Amino acid sequence: MTDRTYTVLLYSDDSQVRDRMRLAIGPRPAADLTVEFVEASDYAGCVRLVDEYEVDLMVLDGEATPGGGIGIARQIKDDRDDAPPTCVVIARAADRWLAAYAQVEATLLHPLDPVTTGQTVAGLLRSRAAA
């Protein structure tokens with residue numbers, strides 16, 4: 001890995017959920033990875049940030065309204081050949097099939113466990129760097 005800082009997009013309509021995502025990931029999800037965060041509270045903001053930044057990972061709230069993270073993930077994956085890896089945070093494990101349909105690379109469950117979250121984010125960022 002290099003000394004590069006990776007950009008992680010956090011999406012939720014609820015600022016407290018975005019705060020919990022940021023805290024669970026942390027500025028260094030692994031010893032060899034440093035991240036910075038950009039945040040969106042709606043679909044338009046999400047798309048704008050993906051267009052304006054080199055987003056390395058999207059972490060989307062599957063429970064957000066009116067645009068849920070699963071739907072946003074599917075739309076961005078359909079619209080862009082270079083869509084970043086995506087992790088959707090869901091409330092029910094049974095929703096993993098929806099996330100798979102949306103072509104997301106990983107799912108996490110609310111409430112976020114910092115260890116699992118850090119490992120998942122680190123794995124996705126390392127995969128992105130290796131590609």
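## Briefing: sheet, helices and salt bridges

Leaving aside residues up to four places away in sequence, C46 touches L9, Y11, A40, L60 and I72; contact means heavy atoms within 4.5 Å. This is a predicted model, in which local features need pLDDT of at least 70, side-chain atom pairs count only at pLDDT 80 or more, and totals for chains, interfaces and linings use all residues. Residues are numbered from 1 along each chain as its sequence is written, and side-chain values use heavy atoms, with hydrogens and water left out. An open sheet of five strands runs in the order β2-β1-β3-β4-β5, with parallel pairing.

- C46 sits in helix α2 (residues 43-52). Helices (H or I, at least four residues) and strands (E, at least two) are DSSP runs, numbered from the N terminus.
- C46 has a relative accessible area of 0%, so it is buried. Buried means under 20% relative accessible area, exposed means over 50%, and partly exposed lies in between (1.4 Å probe, protein chains only).
- From C46 to D61 is 15 residues in sequence and 12 Å in space, C-alpha to C-alpha.

**The sheet**

- The five strands follow the order β2-β1-β3-β4-β5. The edge strands are β2 and β5 (106-109), each pairing on one side only.
- From one strand to the next, the twist averages 25°. Axes are lines fitted to C-alpha atoms, for helices over the stretch in contact, and angles run from 0 to 180 degrees between N-to-C directions.
- β1 and β3 pair in the parallel sense over four bridges. Two strands count as paired if DSSP finds at least two bridges between them.
- Y11 has L60 in β3 as its bridge partner.
- Strands of a sheet pair through backbone hydrogen bonds, either parallel or antiparallel.

**T7 in strand β1**

- T7 is found in β1 (residues 5-11). T7 counts as buried because its relative accessibility is 6%.
- The side chains of T7 and E36 are joined by a polar contact of 2.8 Å. A polar contact is a pair of N or O atoms within 3.5 Å; within protein, one must be able to donate a hydrogen and the other to accept it, and residues adjacent in sequence count only if both atoms are side-chain atoms.
- T7 touches E36, V38, E54, V55, D56 and L57, again not counting residues up to four places away in sequence.

**Helices across the sheet**

- In helix α1 (residues 15-25), the buried residues are V17, R18, M21, A24 and I25. They lie on the same side of α1, because they cover an arc of only 125° around the axis. The arc is that of the directions from the helix axis to the C-beta atoms.
- These buried residues of α1 pack against β1, β2 (34-40), β3 (57-61), β4 (86-90) and α5 (114-130).
- α1 lies across β1, β2, β3 and β4, and runs at about 150° to β1.
- α5 lies across β1, β2, β3, β4 and β5, and runs at about 165° to β5.
- At the start of α1, a side-chain oxygen of D14 comes within 2.8 Å of the backbone nitrogen of Q16.
- G26 follows α1 and has a positive phi, near 75°.

**Salt bridges**

- The count comes to 14 salt bridges. A salt bridge is a side-chain nitrogen of Lys or Arg within 4 Å of a carboxyl oxygen of Asp or Glu.
- E63 and R92 meet through their side chains in a salt bridge (3.6 Å, N to O). E63 lies in the loop between β3 and α3 (69-79) and R92 in the loop between β4 and α4 (96-101), so the pair ties together parts that are 29 residues apart in sequence.
- E63 is partly exposed at a relative accessible area of 30%. R92 is also partly exposed, at 45% relative accessibility.
- R74 and D78 form a salt bridge, with the closest N and O atoms 3.1 Å apart. They are separated by about one helical turn, because they are four residues apart in helix α3.
- R74 is partly exposed, with a relative accessible area of 21%. D78 is partly exposed, with a relative accessible area of 47%.
- The side chains of E105 and K77 meet in a salt bridge (2.8 Å, N to O). E105 is in the loop between α4 and β5 and K77 is in helix α3, so the pair ties together parts that are 28 residues apart in sequence.
- E105 is partly exposed at 42% relative accessibility, whereas K77 is buried, with a relative accessible area of 13%.
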